[in-house]
Amino acid sequence: MFKKFLEKTFKYGTLEVIDYDGKKYIFGNSEPFTSIKFHKKDIKKKLYLNPELYLGEAYVDGDITIENGDLETFINIVSKNYNYIVKDFTHHILDLINLFAEFFQRGNLQDISKKNVSHHYDINEEIYKLFLDKDMQYSCAYFHNENISLDQAQIDKKNHLIKKLNINKNNMKVLDIGSGWGGMALQIAKDTGAYVKGVTLSDNQYVTSKKRAKELSLDSKVDFDLIDYRNLNEKFDRIISVGMFEHVGKKEYQKFFKKIYDLLNDEGVCVLHTIGTMHPPSKTNPWIKKYIFPGGYIPSLSDIVPVIEKNKLWINDIEFLQLHYATTLKNWRINFNRNREKISKILDEKFCRMWEFYLLSSEYSFRNLGNQVFQIQITKNLDNLPFTRNYIYN
């Protein structure tokens with residue numbers, strides 16, 4: 001069954017499979033080519049029943065190794081053939097079962113959200129310093145072209161988002177939901193003179209953000225708090241959230257946008273920057289959900305727009321950043337591999353294999369699987385922003 005499954009699904013590239021007993025099978029007949037080896041007898045059964053989960057597990061555990069070519073070529077071939085994989089009848093039925101099971105799972109309640117955030121962000125911070133830009137922006141950069149450095153592209157991303165906030169008075173109050181290591185909040189305060197409150201659920205990020213604000217003498221203009229956004233009750237002129245919405249969870253969307261409405265004053269503007277997908281709503285990739293981002297969910301526009309409308313908010317603008325995140329992830333991957341020996345000493349080689357798989361599979365989800373980034377500009381009233389979009393680009 002596994003052999004027939006691969007024969008049906010591999011239309012792009014060529015995959016050679018060396019079974020645990022040494023037998024070889026060839027699937028596809030075009031470039032590029034890669035060869036993999038199975039080291040356990042039950043790999044075929046697991047991959048047939050749930051390839052999205054077990055492929056990553058088998059690679060990280062060393063039960064699958066790349067014999068010819070490299071992991072990037074392999075993931076490129078697999079992701080290019082993904083649409084054929086999901087058309088397989090068995091995979092389709094399992095997909096429906098998983099979707100049904102997700103419906104009954106608990107949403108990202110506050111205690112769960114804190115635990116999920118800690119799983120990813122409260123590992124040794126030195127690892128992030130070894131592959132992110134100097135400002136430690138852990139979200140999609142903005143590339144005017146692919147030759148721009150990662151550091152510059154992250155600066156350009158921050159500038160682009162700040163312009164979309166249209167902060168036109170230096171006494172404005174800004175809320176940064178999911179403030180990371182503080183770079184966005186600090187840049188807003190520095191460039192506009194506005195007061196910024198950043199909130200995070202990560203202990204590491206909170207400590208680092210407070211330290212950075214003090215070192216830059218911005219602690220009177222920027223305050224960071226270790227708090228769930230759902231517990232805030234202040235009013236703000238502007239709200240920004242970059243790379244946090246993917247952690248909210250679909251069941252919490254109503255609470256999220258209701259809170260945005262409650263926190264914004266009547267002249268308020270919110271800019272939401274999130275990974276999204278061009279496809280209809282679907283389940284979360286099980287490997288990413290289990291090992292990288294527990295509780296994560298990548299939304300479709302059809303997930304987001306109805307909830308915004310329901311909460312009487314205006315959508316003023318939506319920008320799609322197509323391959324910007326693929327280019328960002330490529331830069332992270334290059335930096336990660338350059339510092340792989342240092343990272344493996346901080347944690348271990350298995351962690352490196354896991355994050356190698358995570359960064360590459362994420363990159364190719366943007367290149368081949370329809371993922372992209374939405375920047376959604378939201379207001380409480382129709383006339384809260386200028387008449388044209390010139391203020392963003394001038």
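**Entry 1: the core**

I looked up the largest nonpolar core of this predicted model and found 64 residues in it. A nonpolar core here is a set of buried Ala, Val, Leu, Ile, Met, Phe, Trp, Tyr and Cys residues joined through side-chain atoms within 4.5 Å, and buried means under 20% relative accessible area with a 1.4 Å probe, protein chains only. The members that touch the most others are Tyr128, Phe131, Tyr138, Trp287, Trp332, Trp355 and Tyr358. Helix α17 (residues 349-368) gives the most to this core, ten residues; helices are DSSP runs of H or I with at least four residues, strands are E runs of at least two, and both are numbered from the N terminus.

I also noted a second, separate core of 27 residues, with Tyr229 and Phe236 among them.

**Entry 2: the sheet**

Next I traced an open sheet of seven strands with mixed pairing, ordered β7-β6-β5-β8-β9-β11-β10. Two strands pair if DSSP finds at least two bridges between them. At the edges I found β7 (222-226) and β10 (314-321), each pairing on one side only.

Strand β6 (residues 195-200) runs parallel to β7, with five bridges, and Val196 stands opposite Val222 in β7.

Which strands does helix α11 (residues 203-215) touch? I found it packed on the sheet against β6 and β7, where contact means heavy atoms within 4.5 Å.

**Entry 3: reading notes**

Residues are numbered from 1 along each chain as its sequence is written, and side-chain values use heavy atoms, without hydrogens and water. As the model is predicted, local features need pLDDT of at least 70 and side-chain atom pairs count only at pLDDT 80 or more, while totals for chains, interfaces and linings use all residues.

Conventions
Buried < 20%, exposed > 50% of the residue type's maximum accessible area, 1.4 Å probe, protein only. Axes fitted to C-alpha atoms, helices over the stretch in contact; angles between N-to-C directions.
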